[in-house]
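Please look over the structure shown here before reading the points below.

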Amino acid sequence: FGLTAAPLLWSRLAAALGRMIVAMYEEHELDCQIYLDDPLLGIVGNEKQQTEALALYIWVLLALGVKLAWSKGTRGSEIVWIGVLFRLDWDARALVCSIPELMVSSIMEDVEFCLGRAVVPFKRLRTFAGRLSWVATVVPRTRWAVSVLFAVMADHEREAAKPPVK
């Protein structure tokens with residue numbers, strides 16, 4: 001099938017596995033969200049019920065021959081999944097999504113770099129715009145800034161593509 005289709009095929013297999021496994025549980029016990037090969041489980045119940053539900057999930061995957069990245073596994077009310085920090089705020093009865101500190105510090109370094117120069121190298125601007133583009137998927141109010149950066153880069157590439165004036 002070639003390497004080009006591998007992510008799509010794996011995503012479809014992971015989605016089918018996720019649907020099959022979630023169907024083993026009652027609606028109120030477990031839910032699963034899968035992004036490519038990264039599952040996020042929401043397990044309800046006391047500690048024993050949660051442990052049993054998680055054990056069944058893992059055992060079914062292992063029985064089907066799925067290799068697990070044990071080092072990536074996390075349990076708790078605060079986790080990082082697909083680059084986003086998810087935290088259950090029990091007092092407010094809310095799920096809080098935020099950008100992890102490492103990404104925030106990388107973006108702040110880019111901002112300081114750009115503000116300290118009259119001209120920013122194109123490659124550095126593209127990296128900065130890429131980071132902000134990812135942030136805009138979590139914090140939609142930042143999309144306008146990303147649009148401005150991509151417009152500037154598009155103008156630059158359009159000008160660079162023009163034949164030289166003789």
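1. There are zero disulfides in this structure. Cys 32 takes part in none, and the nearest cysteine sulfur to it, that of Cys 97, lies 16 Å away. The model is a predicted one.

2. A disulfide is a covalent bond between the sulfur atoms of two cysteines. A pair counts as a disulfide if the sulfur atoms are within 2.5 Å.

3. The two cysteines can also be described by accessibility. Cys 32 counts as buried because its relative accessibility is 16%, and buried means under 20%. Cys 97 has 41% relative accessibility, so it counts as partly exposed.

4. Now the hairpin. Strand β3 covers residues 78-81 and runs antiparallel to strand β4, residues 84-89, with four bridges joining them. Two residues lie between the strands, and in this hairpin Ile 82 has a positive phi near 45°.

5. Which residues of β3 are on its covered face? They are Ile 79 and Trp 81, while Glu 78 and Val 80 make up the uncovered face.

6. Glu 78 belongs to strand β3 and counts as partly exposed because its relative accessibility is 46%. Apart from neighbours within four places in sequence, Glu 78 is in contact with Leu 85, Phe 86 and Arg 87. Glu 78 and Leu 88 are 10 residues apart in sequence, and their C-alpha atoms are 6.4 Å apart in space.

Conventions: Residues numbered from 1 in each chain as written. Predicted model: local features only at pLDDT ≥ 70, side-chain atom pairs only at ≥ 80, totals over all residues. Heavy atoms only, no water. Buried < 20%, exposed > 50% of the residue type's maximum accessible area, 1.4 Å probe, protein only. Pairing = 2+ DSSP bridges. Contact = heavy atoms within 4.5 Å.
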